[in-house]
Amino acid sequence: MICFNKTPRGRIFRISGPAFRFPALRGRVFWLIAALVPFQLQAAPGAIITDFGDDQMLAELPRSVPEIPRDHESAEEAENHLQRLIILARTSGDPRYLGYAQTLINNWSEENLTDRLRVLRATLRQSLQQFDSARSDLERVISSSSDRQQRIQARLTLANLELVQGRYKEAEQHCQALQSTYPGLIAQSCLASVQARTAAPETAYRNLASQLAESINRQPADSTSRLWTEGTLGDIAAQAGLPEATVHWQRVVKATPDDLYVRAQLADWHLVRGHFERVLTLTRGFEAVDTLAVIRAIAMKRMDHPGSHELNNRLQQRFEEASWRGALLHARDVARFELDIENQTQKALRLATENWESQREPLDTRLLLRSALAADDKVQYQRVRDWLKEQGQSDARYPEFKQ
Amino acid sequence: MTVTRKIWLALLTVGLLTASGMAAGHKASDSFLYLDSGPTELRIDVALRDLSLLTNIDSNGNRQISGQELRQARPEITRTVESALTFSNGSGNCDLAGRKWGISEHSDGVYSAARYAIHCPDGEPPRALQYNLLFEQDALHRGLVSLDYDGQKRLTVLGPDSRTLDLAGIDTPGYFGVFTTFVYEGVIHLLIGLDHILFLLVLVIPATLSTAKTQASSGQSRALRGRLLELAGIITAFTVAHSITLALAALDIVSLPIAWVETVIALSIGLAALNVAWPILGRKTWKLAFGFGLVHGFGFASVLGDLTSGVSGLAVALAGFNLGVELGQLALLVVGFPVLYYLGKNRMYQKGAVPVMLAGIGAISLFWVVQRAPLF
């Protein structure tokens, strides 16, 4: 698509090896020179290219154009617009849509927010990892909204948020509340997830699987509930080490190819089992999404794929530009990249720890355990083990973990 | 963006945004501003995708931007970008004179790239920059700025809540600030790092012990001079060695597992202590100091690595940290050596205190080895 000579680009924070011809210098002489070497390698821009062709295709704009929010958008228009942007961000993995969503919600003052806008804002905040402010938005809707549907959506979103953060007591309370106000597969999935992460994943799996079968026999469940339950079953089966995980996830991926979360779970499962060709198939065309691109890069590296080097370089540049920006929305992906591609164990451990402070899903926990093992950090490793023990959590995917 | 799981209860059909030839990755919206030469020059890169929100660069509306379309839109693009930038100093606002225009590539695709000379009314460099591009369209847009002048390089970020940048460079520590901070960190690390101190102590002990030869053949002052020379040799060897490996590790040229480094450091203390009594590694203490100094350098580097994340100016930080370690070392010797030298005249010191110290240090070292060995 883009074909001009690529000039080597500088790196942002790390100075790479060949920049210094070093062994001839010793001790303080080296230091004197090192102190004077300018940082030409940091953040050096690529050259400006002026001789691009008129016919050359330089960029492809996304088909979904962000509508610029109109000045006098009604609340309902704003709600629909905001929801569209958040869904676009989720299904494309493209954070620019989060930026457009943030612009839209910034135009709404606190007192004019509707319940639905507040729930949507919480979802946006969760995507931006502003968990505490997301939580307070949701709690407010749960406690004071007169709109039943928004209360249910807020409850579900909050249960999910607590689950992601590993606050299982709080998650369970919300799941139970959901069970009484909105009984069905969604609430059952919610409770099964908590049970799996705090006690017995196999039991949780069997119960939820029979609830799903029952519900399908009784009346065809709506596809959102069914697919959500299939996704949950996949997650719990994987935690219990059951091969059924792939069956459930595959159903979801087939029905909703843009469910990036389930696609990544499935790709990860195959990666761990060395099914590299299947990883490549699942991640093909999704290189723009960090999580999937990193899984793809690891598979390519392990199978000595000829495209491995190029993908690694691209990811490296992407993560360097992201870390210049400062806000790491993807500490987990970068940590995994550092651990499995770059062999930078200390850096991986630092990022995995940072990520675990806010997100404690099984793959976050596994990454921290693996990083701590790779970096020989007994303290960090023990800390995670203690936490798992306290929660009663066991997971077939955790390395060398015995309860 | 890390993928996490979310759900809507309302049934929604979403148009699939599949990846047709997505070579580049997704990234939040950023522009790149590089300021240099005083700063009297600016290079600014803005993503074509972001420009499509502000200008009519897709004139045929086919969602693709060709080289021709971009060339046609050039006046509109440069006008838009220039009007979002205000450079100023005491004499007023400054003008931007275009030097070069074209495209560049970043991790999420092609950018429009332009280079400008900045001319202020008084001919001096600008002292402030105000940046107002794209914030109305994308609240998460950022201007990533690289400043490279006045002998320092720093990276900073402009956002909707921080649109102005002081170009005088007083808002972040420059080279000098980084340097002094890391000199301090170096001193502190040496002084609180008991393992390095014990290793130094063991290296110094032989130089405080009177040998029969020095006692018989020469006077007091000559003996002292000889010992100081010996001491200087040992310390220099240790310094040179750990400087080398600290640099190798800090610059990411060599990377060793830290747990093993820490274990070998612990072991080095015990071996050095053993060597004083039974010279299994030879009597040339400076060689021992050099060899184990290499390992200690990796130990220093692990601390430095924790401190420098996000610091621009790694070489300065390194130099400062190293100097700090040397100063700490020197301070210890200035205080410690005269005491030991004085004690060295006493037979009780040679026959009693030294063996007890060596045994104690050896025991601590073995304890650390067991504690640190990464065998779980």
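What percentage of the 376 residues in chain B is buried? Buried residues make up 45% of them, where a residue is buried if 20 or more other C-beta atoms, placed from the backbone, lie within 10 Å of its own. The model is predicted, and local features need pLDDT of at least 70, side-chain atom pairs count only at pLDDT 80 or more, while totals for chains, interfaces and linings use all residues. Residues are numbered from 1 along each chain as its sequence is written, and chains are lettered from A and ligands numbered from 1 in the order in which they are written.

Chain B has ten helices and eleven strands; these are DSSP runs numbered from the N terminus, helices being H or I with at least four residues and strands E with at least two. Of the contacts in chain B (C-beta atoms, placed from the backbone, within 7 Å) between residues at least 6 apart in sequence, 73% join residues at least 24 apart.

Chain A has 19 helices and one strand. Of its 403 residues, 51% are buried.

Domain 1 (30-166) and domain 2 (175-372) of chain B each supply at least three residues; the domain bounds come from an automatic or database assignment. Beyond its neighbours within four places in sequence, B:Val202 contacts B:Ile269, B:Ala272, B:Ala273, B:Val276 and B:Ile361.

Key:
A residue is buried if 20 or more other C-beta atoms lie within 10 Å of its own, exposed if 12 or fewer, and partly exposed in between; C-beta atoms are placed from the backbone. Two residues are in contact if their C-beta atoms, placed from the backbone, lie within 7 Å.
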